[in-house]
Amino acid sequence: MLISTILHGKGSDVTTVAPDATVRELLARLAEHNIGAVVVSADGVTIDGIVSERDVVRRLHDRGAGILGEPVSSIMTAEVRTVAPGDRVDELRKTMTTHRVRHMPVVEDGRLAGIVSIGDVVKNTIEELETEKASLVDYLHR
């Protein structure tokens, strides 16, 4: 199964936030869209970083509530792992597990093309297993 299959099912919309937006604005965006991470992008096309709820919690712990007025760029992860639509979901699952990341932007031709979460990967895996089970049950009942 390819990453493009997941994007086909969930869509390619990606919530982004500008690097100079405040952490408070970031939190509003996360709540508004009921998501756990956003891509940091000045233009909505290229990736400057990624920031998650975990990043906010860790910086709150380290530096206190003052970070709420700071720019997102001060807490984002700047070295972002990405995948391409033609990459395999099983490889993505390994990468997410090995590197302990829950969200990976999808990039095609240097442009942001979507985002895949660990939840998307798990959902896809369950669907594949259910399809395989149905095929095996059908085969046994022939």
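**View 1. D55, a buried residue without a salt bridge.** The model shown is predicted, so local features need pLDDT of at least 70 and side-chain atom pairs count only at pLDDT 80 or more, whereas totals for chains, interfaces and linings use all residues. Residues are numbered from 1 along each chain as its sequence is written, and side-chain values use heavy atoms, with hydrogens and water left out. D55 lies in helix 3, residues 53-63; helices (H or I, at least four residues) and strands (E, at least two) are DSSP runs, numbered from the N terminus. Leaving aside residues up to four places away in sequence, D55 touches I50, I75 and T77, where contact means heavy atoms within 4.5 Å.

**View 2. The largest pocket, with D55 among the residues nearest its centre.** A pocket is an open set of points on a 1 Å grid over the protein atoms alone, where a 1.4 Å probe fits, with protein on both sides within 12 Å along at least five of seven lines. Lining residues have an atom within 4 Å of a point. The largest pocket holds about 400 Å³ of space; grid points are joined across faces, edges and corners, and a volume is the space filled by probe spheres set on the points. Its lining has 17 residues, and S52, D55, R100, V101 and R102 lie nearest the centre. Strand 3 (49-52), helix 3 and strand 4 (103-108) are the elements that give two or more residues to this lining. Helix 3 gives the most, with four residues. By class, the lining has five nonpolar, four polar and eight charged residues. Ala, Val, Leu, Ile, Met, Phe, Trp, Tyr, Cys and Pro count as nonpolar, Asp, Glu, Lys and Arg as charged, and the others, Gly among them, as polar.

**View 3. The second largest pocket, about 240 Å³ in volume.** Among the 14 residues that line this pocket, K10, D13, I35, A37 and I115 are the closest to its centre. Strand 2 (37-40) and strand 5 (111-117) each supply at least two lining residues, and the largest share, three residues, comes from strand 5. The lining has six nonpolar, five polar and three charged residues.

**View 4. The salt bridge between K10 and D120.** The N to O distance between these side chains is 2.8 Å. K10 lies in helix 1 (residues 3-10) and D120 in helix 5 (residues 118-140), so the pair ties together parts that are 110 residues apart in sequence. K10 is partly exposed at 38% relative accessibility, whereas D120 is buried at 16%.

**View 5. Two further salt bridges, R88 with D90 and D138 with R142.** The whole structure has six salt bridges. In the pair of D90 and R88, the closest N and O atoms are 3.3 Å apart. D90 is partly exposed, with a relative accessible area of 25%, and R88 is also partly exposed, at 45%. The side chains of R142 and D138 meet at 2.8 Å, N to O. R142 is exposed at 75% relative accessibility, while D138 is partly exposed at 39%.

Notes:
Buried means under 20% relative accessible area, exposed over 50%, partly exposed in between (1.4 Å probe, protein chains only). Lys and Arg count as positive and Asp and Glu as negative; His and the chain ends are not counted. A salt bridge is a side-chain nitrogen of Lys or Arg within 4 Å of a carboxyl oxygen of Asp or Glu.
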